[in-house]
Each structure stands twice: as structure tokens, then as C-alpha cells.
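Please keep the structure in view while reading.

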Amino acid sequence: MFDAIFAFFQNTDTYRILDVVGTIIGFIYIYQEYKASIWLWLTGIVMPIIYTFVYYEAGLYADFGMQIYYTLAAVYGFLYWKFGKKANNDSEELPITHFPKKLIFPTCLIFLFAWGTLYFILIRFTNSTVPILDSFGNSLSFIGLWALAKKYLEQWWIWIVVDVELAALYVYKDIPFTAGLYAAYSLIAIAGYLKWKRMMSEQTTISK
């Protein structure tokens, strides 16, 4: 049955439609992230379902496999943003905070390990034509999504790098609408960082 579903989505017209639909949902997602809206996590559950088919057809197998992680991370992020505030009696919402300096080095090690592991899987078990770039973007996205779930301000820096790299990759793999989405993401990420920084200053002022 699963093979039949994939066969249907391998139709060129359907593939292009999903590229457009995924792009529209992606813009909704990044706007919700910009606004620090908890509803971004629900959108983040729908979007991976669509892109599962798009990335599989494009031969981006790391992207394809990571959609499962993105779905689970979206569930975690929603629950953390919704109930994590209970650990902070001074705020009704989970506060925006800085990325802890003590976590920078171990986070870099985790990224390098994930990148190497994904790269090995791609060259060993798939016919991927872009194993280095495919594994790089997804490994860094793994870190970025975790930082977003923790509501760290600096998660935007991670996404700027991811978005620029993936936009170029998707142009190469002929996924034009999604490539345009990620190019826009990179610009919105800059605005998002400034927005979150202002929100962080406001919440600090209120707590005093």
C-alpha cells in the first residue's frame, strides 16, 4: 500500500503540486516562528508529511528520513512550549533565552557526529548524488530544531546557515518552489532574530 502511495506522488504533476503546497505551508510556519507562536509546532507536523514525498522523489534521502524526526520534534516542541512555562513562575510563557555557552562545544560534536553518520548512510545505502550537502543541511537542522524547541535566541543563526545551504541544494535538485522558500527563509531568519531579540528585551524589562 505504501508503495502505491509513493507511485501516485511520483507523478510529475502531483510532485509539482506538493512542492507548491509545501512552500505555502512553509511560509505559514516561518511566520509563526517569527511571531514565536506555539502554533508553529502544529504546522510543523503537517509540513513533514508533505515533504516526505517531495524529497523522496528528488532523491534527497537524508531530507526524506529527517521528516520523521521533524514530526517527533514538533510534538516535543509543542509540549515543551506549552508546559515548560510551569518551571518559570514569573512568566506565563516559556521565555526566550540565550544559547548556553557550556553547550556550544558538545553541540558542535553532536553536529559533526550526525553529519558523518548521515553521510556514511547516504553513500553506503543510497544512490544519493549530493551526500555531503544533503547530510550537512539535515544534521545542522537537527541542532536548529532542538534549539528552537528550547526557545534559544541564537537558533536563528543556525537557520540562516541551513536555509542558504538548502536553497542552493534545492535549486540544483530542481525543486524550484521549495528553493525559493528557503531563500526567503534566510532573509526572514534575520528579521526573526531581531524580532526575538526585542521580545527578549521586553520580557526582561517586565520581569524586573
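The secondary structure of this chain comes to 8 helices and 0 strands, and along the sequence the pattern reads α-α-α-α-α-α-α-α. The model is a predicted one, and the values below should be read with that in mind. Of the 208 residues in the chain, 48% are buried. Among contacts between residues at least 6 apart in sequence, 72% join residues at least 24 apart.

**The nonpolar core**

The largest nonpolar core holds 52 residues, and the members that touch the most other members are Trp41, Leu148 and Tyr170. At least two residues of this core come from each of helix 2 (12–34), helix 3 (40–58), helix 4 (61–83), helix 6 (131–149), helix 7 (155–172) and helix 8 (176–207). Helix 3 gives the most, with 9 residues. As for Tyr170, leaving aside residues up to four places away in sequence, it touches Tyr55, Leu60, Asp63, Ile175, Thr178, Ala179 and Tyr182.

**Helix 6 and its two partners**

| Helix pair | Angle | Distance between axes |
|---|---|---|
| Helix 6 and helix 7 | about 155° | 9 Å |
| Helix 4 and helix 6 | about 5° | 9 Å |

How is helix 6 oriented relative to helix 7, roughly parallel or roughly antiparallel? With an angle of about 155° between them, helix 6 is roughly antiparallel to helix 7, because angles over 145 degrees count as such. The crossing of helix 6 past helix 7 is left-handed. On the helix 6 side the contact is made by Leu133, Asp134, Phe136, Gly137, Leu140, Ser141, Ile143, Gly144, Leu145, Ala147 and Leu148, and on the helix 7 side by Gln155, Ile158, Trp159, Val161, Val162, Glu165, Leu166 and Leu169. Sorted by class, this contact has 13 nonpolar, 4 polar and 2 charged residues.

The pairing of helix 4 with helix 6 has an angle of about 5°, and helix 4 is therefore roughly parallel to helix 6, since the angle is under 35 degrees. From helix 4, the residues Tyr61, Ala62, Asp63, Met66, Tyr69, Tyr70, Ala73, Tyr76, Gly77, Tyr80 and Trp81 meet Asp134, Ser135, Asn138, Ser141, Phe142, Leu145, Trp146, Leu148 and Ala149 of helix 6. The residues of this contact divide into 14 nonpolar, 4 polar and 2 charged.

Ser141, which lies in helix 6, is listed in the contact with helix 7 and also in the contact with helix 4. At 2% relative accessibility, Ser141 counts as buried, because the cut-off is under 20%. Beyond its neighbours up to four places away in sequence, Ser141 touches Tyr70, Trp159, Val162 and Leu166.

Trp81 lies in helix 4 and is buried, with a relative accessible area of 5%. Which residues does Trp81 touch, not counting those up to four places away in sequence? They are Ala36, Ser37, Ile38, Leu40, Trp41, Leu94, Leu148, Ala149, Lys151 and Trp196. For one of these, Ala149, the separation from Trp81 is 68 residues in sequence and 7.2 Å in space, C-alpha to C-alpha.

Thr107 belongs to helix 5 (residues 104–125) and, at 11% relative accessibility, also counts as buried. With residues up to four places away set aside, Thr107 touches Phe99, Ile143 and Trp146. The C-alpha atoms of Thr107 and Ile143 are separated by 7.4 Å, while the two residues are 36 apart along the chain.

**Two loop residues with positive phi**

Most residues other than glycine have a negative phi. Ala36, found in the loop between helix 2 and helix 3, has a phi near 55°, a positive value in a residue other than glycine. Lys151, placed in the loop between helix 6 and helix 7, has a positive phi of about 65° although it is not a glycine.

Definitions and conventions. Residues are numbered from 1 along each chain as its sequence is written. This is a predicted model: local features need pLDDT of at least 70, side-chain atom pairs count only at pLDDT 80 or more; totals for chains, interfaces and linings use all residues. Side-chain values use heavy atoms; hydrogens and water are left out. A nonpolar core is a set of buried Ala, Val, Leu, Ile, Met, Phe, Trp, Tyr and Cys residues joined through side-chain atoms within 4.5 Å. Buried means under 20% relative accessible area, exposed over 50%, partly exposed in between (1.4 Å probe, protein chains only). Helices (H or I, at least four residues) and strands (E, at least two) are DSSP runs, numbered from the N terminus. Contact means heavy atoms within 4.5 Å. Axes are lines fitted to C-alpha atoms, for helices over the stretch in contact, and angles run from 0 to 180 degrees between N-to-C directions. Angles under 35 degrees count as roughly parallel, over 145 as roughly antiparallel, 65 to 115 as roughly perpendicular and the rest as oblique. A crossing is left-handed if the near helix is turned anticlockwise from the far one by less than a right angle, and right-handed if clockwise. Ala, Val, Leu, Ile, Met, Phe, Trp, Tyr, Cys and Pro count as nonpolar, Asp, Glu, Lys and Arg as charged, and the others, Gly among them, as polar.
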